[in-house]
Amino acid sequence: MFFDDRNTFENWAETLPAYDTHDRHGCACCSALPSLLAEQFDDIEQLTQPEHWAARGQQPSKVINGLWVNAKIYTMDSAMRVVDALAIMDGKVVDCGDAADLVKAYGDTLQVIDAKGRTILPGFIEPHMHFLPIATIGGLEDVGPYRFSKTQDALTHLKSLAATLAPGEWLMGRQFDPSLQDGPDQLTITELDAVSAVNPVFIYNASLHFAYCNSAALAAASITKATPDDPASPYGRDALGVPNGVLKGGRAIGSVARHNLAQREYDLAEAALGVCGRANRKGITTFCDQATGMVRGVSEVDIYEALAKSGSMTARLRYSLSYGLAEKWDATGIRYGHGDALVRAVGWKIVSDGSNQGFSGLQREPYLYKEDAGLAYVEPDALNDMVRSRTEQGWPLVIHANGDLAIDRVLDAFEAVVEAGLVLNAPCRIEHCSILHDEQIQRIKALGLSPSFLIGHVYYWGHAMRDQVFGEAKAVLLDRTKACEDAGIRWTLHSDEPVTEMGPLRCIENAVTRSLWKEPGQHLAPWEAVSVMAGLRAMTIDAAWQCHSDHEIGSLEPGKFADFVILEQDPLTCPVDAISQIAVCQTWLSGRLVYDRGTDSVDDVSESVD
Ligand SMILES: [Zn+2]
Ligand SMILES: [Zn+2]
């Protein structure tokens, strides 16, 4: 057991980092917590029992021993073979190749399944998301930009919901993102008292570094003008010093959120299984949690392992330990590779700076129209020590760096370790790796590092990066997938959900088109667009490799797990701006059907097999 003592508000608040009050715009990597936190977590005992999960999950479907034919199958193996038949037995791939040959070899032992000309790919791998944070806020009302482009529309919607509540019942929302929604830069009691004067209203910023509440919520938490500020996590106040409903950082957020006692009943297991199901609907069979420990401390490993044992897991989980809890993790004795093929520890996650759209990514030069150049969340000497000590212990590193100076420092740290004669536990990753100069690309190549790009930075924020954050000349250095591809560097794409929604096909389309959400027909640095095949690699075999799992997943070849997705259309032949709209027909994990769009998509194998 990794059980720890973060089950009280005070213990939890103690672990929050000092940088918690930055990043109003969009980086959840380092947010220390989505506390839906009541006074005390009552559910840790339950969450570490497999039975608790099994009671909420679906019954695992049967393993199908099948021979899929009449399909276009991109194996993503080293030869990038494209075949028309795939043989699956006991949850593993046994063969793939020419249908006539495979029918001859397996036709008597395997059930032959007609894929009706559809496309089969290895299950998609999401290499960077935040699993328990998503589950923790997943039950709250989505008031974000993908649902409401105008903040006023979100507020009107909230008002209609508030009208249905019983007295004293809380209304909680998530995903408010002033960088993408037209309207005010923050929500205060002015906006939220108009939603409800009697029911407490509480809304998370998409970054999770901020939240906003109305007067009723402040009253429920007994927060007044006389309430002292924690300097690391203050309350927003008006000119007279009266709290205005803005909650800056985890402690201020938690000090209000924990008074919603209904959150004690929140079913985290059900919400987490819902995240797995939603991933399956996008064709995802493996995802990697990048900062484990930020919600329930080191107990999260116990929670993950209970989930794996329950039999109700419908996606594999890889995870990187949050460096914010380094001492506590070290006390558990956890080692690289702890776990199994379902759930496994694969790295340490370090956050070295903030986010570019939040003006806290660490830059060589000041931001456009500003004098400051962002924030280092870790100083160079400390970063060097972290990289050296974890490398010596056999761990790979996963380092968040958005600004070009942050990336310089990450490269310096890796170079120092290599020059000292140590061998990196490859692949080590740079997360987001947003702004890259040519010489940095050469250093990444020389060190054997691998970037993972939050490609939604181009699609959703590209216009703001160009006009408000960097200016054109620097904005074109954002997410340089093609330059890395041409340099022979392996790279991947990620959603960083809750920053953007998981969606491998959307990520591929973004990398292939470099289009802008807010400016249809416009593109950011279109010369950095990659081929569809490169995008597919980034979300399959290369993501498996970045998650230290390419020996077992990421391609369809004999001996690997039968994790695959069946798509309605072929991404390589459909129009590039329609890739994100391709329907996922089915998703399979270890030869079990975990998502089925409906009986009209492919043969209903679960019924046709005895
Ligand atoms: Zn990050
Ligand atoms: Zn992240």
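Two strands count as paired if DSSP finds at least two bridges between them. Helices (H or I, at least four residues) and strands (E, at least two) are themselves DSSP runs, numbered from the N terminus. With that in hand, here is an open sheet of six strands, in the order 7-8-9-10-12-11 and with mixed pairing. Its edge strands are strand 7 (141–142) and strand 11 (235–237), each of which pairs on one side only.

This is a predicted model, so a few ground rules apply: local features need pLDDT of at least 70, side-chain atom pairs count only at pLDDT 80 or more, and totals for chains, interfaces and linings use all residues. Residues are numbered from 1 along each chain as its sequence is written, while chains are lettered from A and ligands numbered from 1 in the order in which they are written.

**Confidence and domains**

The predictor's confidence in each residue, pLDDT, goes from 0 to 100. The chain has a mean pLDDT of 92, and 91% of its residues reach 70 or more. Over residues 606–610, pLDDT stays under 50, and the model has seven contacts beyond four places in sequence for them. A contact here is a pair of residues whose C-beta atoms, placed from the backbone, lie within 7 Å.

The domain assignment gives domain 1 (19–40 + 140–265) and domain 2 (268–592); such bounds come from an automatic or database domain assignment. The C-alpha centres of domain 1 and domain 2 are 28 Å apart.

**Strands**

E141 has G173 in strand 8 as its bridge partner.

Elsewhere, strand 1 (residues 66–74) and strand 2 (residues 82–89) run antiparallel and are joined by six bridges. I73 stands opposite V83 in strand 2. Strand 2 also pairs with strand 3 (residues 92–97), again in the antiparallel sense, over five bridges, and I88 has V93 in strand 3 as its bridge partner. Strand 2 and strand 3 form a hairpin with two residues between them.

**Two helices, each with a buried side**

A residue is buried if 20 or more other C-beta atoms lie within 10 Å of its own, exposed if 12 or fewer, and partly exposed in between, with C-beta atoms placed from the backbone. A helix's expected span is 1.5 Å times one less than its number of residues, and the arc is that of the directions from the helix axis to the C-beta atoms.

Helix 6 (residues 151–162) has 12 residues and reaches 16 Å from its first C-alpha to its last, close to the expected 16 Å. Which residues of helix 6 are buried? They are T151, A154, L155, L158 and A162. These residues cover an arc of only 100 degrees around the axis, so they sit on the same side of helix 6. Strand 8, helix 7 (189–195) and strand 9 (201–205) are included in what covers them.

Helix 10 (residues 268–281) has 14 residues and reaches 20 Å from its first C-alpha to its last, close to the 20 Å expected. Its buried residues are L268, A269, A272, L273, V275, C276, A279 and N280. They span an arc of only 145 degrees around the axis, which puts them on the same side of helix 10. Just after helix 10, G283 takes a positive phi of about 90 degrees.

| Feature | Angle | Location |
|---|---|---|
| A426 to P427, cis | omega near -5 degrees | P427: loop between helix 14 (404–419) and strand 17 (429–432) |
| E497 to P498, cis | omega about 20 degrees | P498: loop between strand 19 (492–493) and helix 20 (504–513) |
| D90, positive phi | about 50 degrees | loop between strand 2 and strand 3 |

Is D90 buried or exposed? D90 counts as exposed because it has 10 C-beta neighbours inside 10 Å. L208, by contrast, is buried, with 30 other C-beta atoms within 10 Å.

**One more buried residue**

H400 sits in strand 16 (residues 397–401) and is buried, with 32 other C-beta atoms within 10 Å. H400 and P145 are 255 residues apart along the chain, and their C-alpha atoms are separated by 24 Å.

How values were computed. Two residues are in contact if their C-beta atoms, placed from the backbone, lie within 7 Å.
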